[in-house]
Amino acid sequence: MDALIKIPSAEFNEEVFNRIKSLIKTFGNAEVTISVSNKTDELFRNESKEEYWARLNNSIADIEQGKGTVFTMAELENYIHKTPGK
């Protein structure tokens, strides 16, 4: 299982860090990468309307084909608390 967690820097705090730390424990021997950038803003700033919709439709198709997992923060928290190894 892979996880990509994107959090605005203004919302990143010790509580969020600890939740992520709990999630990481469920992976066992895992690799963690922390990236801080504004590249996302730059990438999409010059995107045409057609490119935006194509990207959005591809993401929807990926989710419908089971290529991702979508859950709320509450669902993530429940998952973390129910998973052995915490």
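**Notebook: loop valines, a pocket and an aromatic pair**

I looked up V36 to begin with, and V36 is exposed, with a relative accessible area of 80%; here buried means under 20% relative accessible area, exposed over 50%, and partly exposed in between, with a 1.4 Å probe and protein chains only. I keep in mind that this is a predicted model, in which local features need pLDDT of at least 70 and side-chain atom pairs count only at pLDDT 80 or more, while totals for chains, interfaces and linings use all residues. Residues are numbered from 1 along each chain as its sequence is written, and side-chain values use heavy atoms, with hydrogens and water left out.

**The loop between α1 and α2**

I found V36 in the loop between α1 and α2, where helices (H or I, at least four residues) and strands (E, at least two) are DSSP runs numbered from the N terminus. The C-alpha atoms of V36 and S9 are separated by 8.5 Å, although the two residues are 27 apart along the chain. V32 lies in the loop between α1 and α2 (39-45), and V32 counts as partly exposed at 47% relative accessibility. From V32 to A3 I noted 9.8 Å, C-alpha to C-alpha, across 29 residues of sequence.

**The whole chain**

I counted 4 helices and 0 strands in the protein, and from the N terminus on the elements run α-α-α-α. Of the 86 residues, 7% count as buried. I also checked contacts (heavy atoms within 4.5 Å): among those between residues at least 6 apart in sequence, 60% join residues at least 24 apart.

**The second largest pocket**

I then turned to the second largest pocket, which has a volume of about 740 Å³. Of the 21 residues that line this pocket, the closest to its centre are L4, I5, K6, T69 and F71. A pocket is, on a 1 Å grid over the protein atoms alone, an open set of points where a 1.4 Å probe fits, with protein on both sides within 12 Å along at least five of seven lines, and lining residues have an atom within 4 Å of a point. α1 (14-25), α3 (49-64) and α4 (73-82) each supply at least two residues of the lining, and the largest share, 3 residues, comes from α3.

**The aromatic pair**

I looked for aromatic pairs and found that the structure holds 1. Y52 and W53 form this pair, which is edge-to-face, at 5.3 Å centre to centre and 80° between the planes. Rings of Phe, Tyr and Trp (its six-membered ring) pair if their centres lie within 6.5 Å, and planes under 30 degrees apart count as stacked, over 60 as edge-to-face and the rest as tilted. Y52 is partly exposed, with a relative accessible area of 36%, and W53 is partly exposed at 44%.

How values were computed:
Points joined across faces, edges and corners; volume = space filled by probe spheres on them.
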